[in-house]
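Subject: Structure handover

Hello,

Here is the structure I promised to pass on to you. Please open it alongside this message, and then read on for what turned up in it.

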Amino acid sequence: MKSVKTLIVLFLVTTLISCKKTIVEVPDSPFPISEDAFSVETIVEGFVIPYGIAIVNDTEYFVTDRIGKLFHYKEGSQTEIKGIPDVKTFGDKGIPAVMHGGLMDVSLHPKFEVNHWMYISYLDTAGFAKVSRFKIENNQTTQFETIFKTRTQNYYGNGMRIVWEDEEHFFLNVGGSVFTTSTNPIVTAQNLNEDSGKIHRLKDDGTTPIDNPIFEGLTKPTTIWSYGHRDSQGLVYDKNSKTLFGVEHGPKGGDEFNVIKAGGNYGWPIFTYGIHYNGESISTITEEEALKTTILPEHYWTVPTEDGGQAIAPSCLLKVDGSTIEAWNNHFLIGSLAYRRLMKYNRDTNETVSLAIEGRVRTIKQLPSGDIIALLERNDISKSNGSIIRISNKTK
């Protein structure tokens, strides 16, 4: 994740002079650590960057590894699914702990038990962001078809998420985290002819819903639902309130919590509460001007530092309801890549606390039982020790 570059460099310099040269250590928490009681069980290990998880039931899941593999886990046994397309991964020079692109989210159609459609998002070998769907027979993909492809190459985006609105429509994040400054603005996320830096809304076959927004200058809807996003890697649709929530990566600081509305412009990069990694400003308009033309975040995070602030780097989002862990209900859980831990956010009070769960949490979901599932990246760059953990009420 580009927004954690400074912090990751610090990690690696520290670890390279120690005896554990391949371990990326966990920094101190920027927020108080909650005393919430829970238990953690490691279900399975062996991943590099487990990125997405699709839950069939409490003991059966499909899991992606960013390096380009899809696994089927069922009741303690894990099998790799064949027929997944080759993907493109890339990193930041000198920072081997960070990886972009690759195979990202996996999602089941809401009627999966009937139609058996499964969806994946990924960066293909030519650099285009795609969504494809398929079915599985004998651990092999069948009826594979690509239903969405960005119009241009998308090396800016670090993450893609698939979130279902209902049985016919899903939302899709396509990141747009370009290196931009106020003196050299790169406004890809503001350009409606580009698909990156957007949240898209599609029908289950990839076609454009007729009730999508029609933007100024256009005569018909496109797949674009909202724009001006840097990279909303955490998306969750609350069916009770019919609200799409997102957490978005800022650059150096300025990570956002947003309520995402149809047709909205969320400002990147013309206005942001973050700064460039070298300390330069990014915004080209003031906050007062942004209030008139864009939608500002409900909340944003910048951890104070001597060099202008640090991002928490939010990687995923879950709105908890009916969990076995009472203290988490009606709160949001957020994975922080920069601080390598799980965090809890109270939307009513804007209070953020850290939880005693360490690791770069890539995805967090709630099981039908109310327990929580989380995917953790490897913490040793020489091993594939990424894992799936299950978080439960401590008294269970």
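Let me begin with Lys149. Apart from neighbours within four places in sequence, Lys149 is in contact (heavy atoms within 4.5 Å) with Phe128, Ala129, Lys130 and Asp195. You will find Lys149 in strand S11, residues 140–149; helices (H or I, at least four residues) and strands (E, at least two) are DSSP runs, numbered from the N terminus. Lys149 counts as partly exposed, at 44% relative accessibility. On this scale buried means under 20% relative accessible area, exposed over 50%, and partly exposed in between, with a 1.4 Å probe and protein chains only. Lys149 and Val131 are 18 residues apart in sequence, and their C-alpha atoms are 6.7 Å apart in space.

A word on the background: this is a predicted model, in which local features need pLDDT of at least 70 and side-chain atom pairs count only at pLDDT 80 or more, while totals for chains, interfaces and linings use all residues. Residues are numbered from 1 along each chain as its sequence is written, and side-chain values use heavy atoms, with hydrogens and water left out.

Now to the aromatic rings. Rings of Phe, Tyr and Trp (its six-membered ring) pair if their centres lie within 6.5 Å; planes under 30 degrees apart count as stacked, over 60 as edge-to-face and the rest as tilted. By this rule there are 19 aromatic pairs. In one of them, Tyr119 and Trp164 have ring centres 5.2 Å apart and planes at 80 degrees, so the pair is edge-to-face. Tyr119 belongs to strand S9 (residues 118–123) and Trp164 to strand S12 (residues 162–164), so the pair ties together parts that are 45 residues apart in sequence. Both Tyr119 and Trp164 are buried. Phe271 and Tyr273 are also edge-to-face, because their ring centres are 5.0 Å apart and their planes lie at 85 degrees. Phe271 is buried at 9% relative accessibility, whereas Tyr273 is partly exposed at 23%. Elsewhere, Phe245, Phe257, Trp301, Phe332 and Tyr345 form one aromatic cluster.

The charged end of Arg133 sits over the ring of Trp117, 4.0 Å from its centre (NZ of Lys or CZ of Arg within 6 Å of the ring centre and within 35 degrees of the ring normal). Lys135 also lies over the face of Trp117, 4.8 Å from the ring centre.

Finally, Ile210 is in the loop between strand S14 (198–203) and strand S15 (224–227). Ile210 is exposed, with a relative accessible area of 81%.

Best wishes
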